[in-house]
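The sequence and structure come first.

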Amino acid sequence: MTEVPSNPEEGKAAIWHPSPNFNARRNALHPELVVLHYTAMEHAEAALARLCDPQYEVSAHYLIGADGTLWQMVREADRAWHAGAGEWCGQGDINSRSIGIELDNRGDHPFSAPQMARLETLLPAILQRWEISPSGVIGHSCMAPGRKYDPGPRFDWARLARQGLAAPVQKVTAAAPPIPQEPRARAELFRALAQARGFTADVDDATLLQAVRLRFRPWQRGPLSDADIQLLLADNP
């Protein structure tokens, strides 16, 4: 008999498609993060097969197709294998601390309207169930900079933030504190501000800058700028 998840999406028609790739959360940990991914595969069915194949030892709690179809593969109370090595806010074992959501997208094109709408109905219930704050909704690239790049520069973080489903990007104002111009001092300030936001993985300056930009300024290119620093100053907790 097929096991029914303990947290069925009430009235939302999540398709229960169980994956064998999970285990118990370690050290009595519970979800305090939601990690968003793109599948980087040609279609949702291929991703679903991969996420449920014991050969690959990878899974997620949810998969959302481009047409808005929602599959659940692992109960939220269990530990899906989606995050891998990395850390956030100085904490490792992100799999034990998070719920993983895969989005059917290759990473080189926009996310569809039905898919985003479905994500926006799924996230509030998860955040409420586990008392996760909007700042706990992060990208795979946030906790594994340099190793992972999803959900990528095409993902509309600002749209989630406007609905209170992700941390907002505060506007930089003319009243922002002065920025040091000496290169090392600038890099150290940027790193300290990024770490205060949660980006604590041990990576080099260029990789850290890329990770922060993927989350907050995906259109930005070139070396560290005053605007990169001011953004984190303006939004520093």
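The largest cavity is lined by Trp88, Ser135, Val137, Ile138, Cys142, Ala167, Arg197, Phe199, Arg215 and Phe216. Two elements, S8 and helix H7 (205-216), each give two or more residues to this lining. Helices (H or I, at least four residues) and strands (E, at least two) are DSSP runs, numbered from the N terminus. This is a predicted model, in which local features need pLDDT of at least 70 and side-chain atom pairs count only at pLDDT 80 or more, while totals for chains, interfaces and linings use all residues. Residues are numbered from 1 along each chain as its sequence is written, and side-chain values use heavy atoms, with hydrogens and water left out.

**Cavity and pocket**

Rolling a probe the size of a water molecule over the atoms shows where empty space is left. On a 1 Å grid over the protein atoms alone, a cavity is a set of points where a 1.4 Å probe fits but cannot get out; a pocket is an open set with protein on both sides within 12 Å along at least five of seven lines, and lining residues have an atom within 4 Å of a point. Grid points are joined across faces, edges and corners, and a volume is the space filled by probe spheres set on the points. By this rule there is one cavity of 30 Å³ or more.

The classes in the table are nonpolar (Ala, Val, Leu, Ile, Met, Phe, Trp, Tyr, Cys and Pro), charged (Asp, Glu, Lys and Arg) and polar (the others, Gly among them).

| Space | Volume | Lining by class |
|---|---|---|
| Largest cavity | about 60 Å³ | seven nonpolar, one polar, two charged residues |
| Largest pocket | about 360 Å³ | ten nonpolar, six polar, five charged residues |

The largest pocket has a volume of about 360 Å³. Its lining has 21 residues, and the closest to the centre are Tyr38, Thr39, Val58, Glu102 and Lys148. S3 and helix H1 (44-51) each give two or more residues to this lining, and H1 gives the largest share, three residues.

**Arg106**

Arg106 lies in the loop between S7 and H3. Is Arg106 buried or partly exposed? Arg106 is partly exposed because its relative accessible area is 37%, where buried means under 20%, exposed over 50% and partly exposed in between (1.4 Å probe, protein chains only). Leaving aside neighbours within four places in sequence, Arg106 is in contact (heavy atoms within 4.5 Å) with Tyr38, Ala40, Met41 and Glu42. The C-alpha atoms of Arg106 and Tyr38 are separated by 6.7 Å, although these residues are 68 residues apart along the chain. The side chains of Arg106 and Asp108 are joined by a polar contact of 3.3 Å. A polar contact is a pair of N or O atoms within 3.5 Å; within protein, one must be able to donate a hydrogen and the other to accept it, and residues adjacent in sequence count only if both atoms are side-chain atoms.

**Helix H3**

Ser112 caps the N-terminal end of H3, with a side-chain oxygen 3.2 Å from the backbone nitrogen of Gln115. The buried residues of H3 include Gln115, Met116 and Leu119. Among the elements that the buried residues of H3 pack against are strand S7 (98-103) and helix H5 (157-162). After H3 comes Glu131, with a positive phi near 55°.
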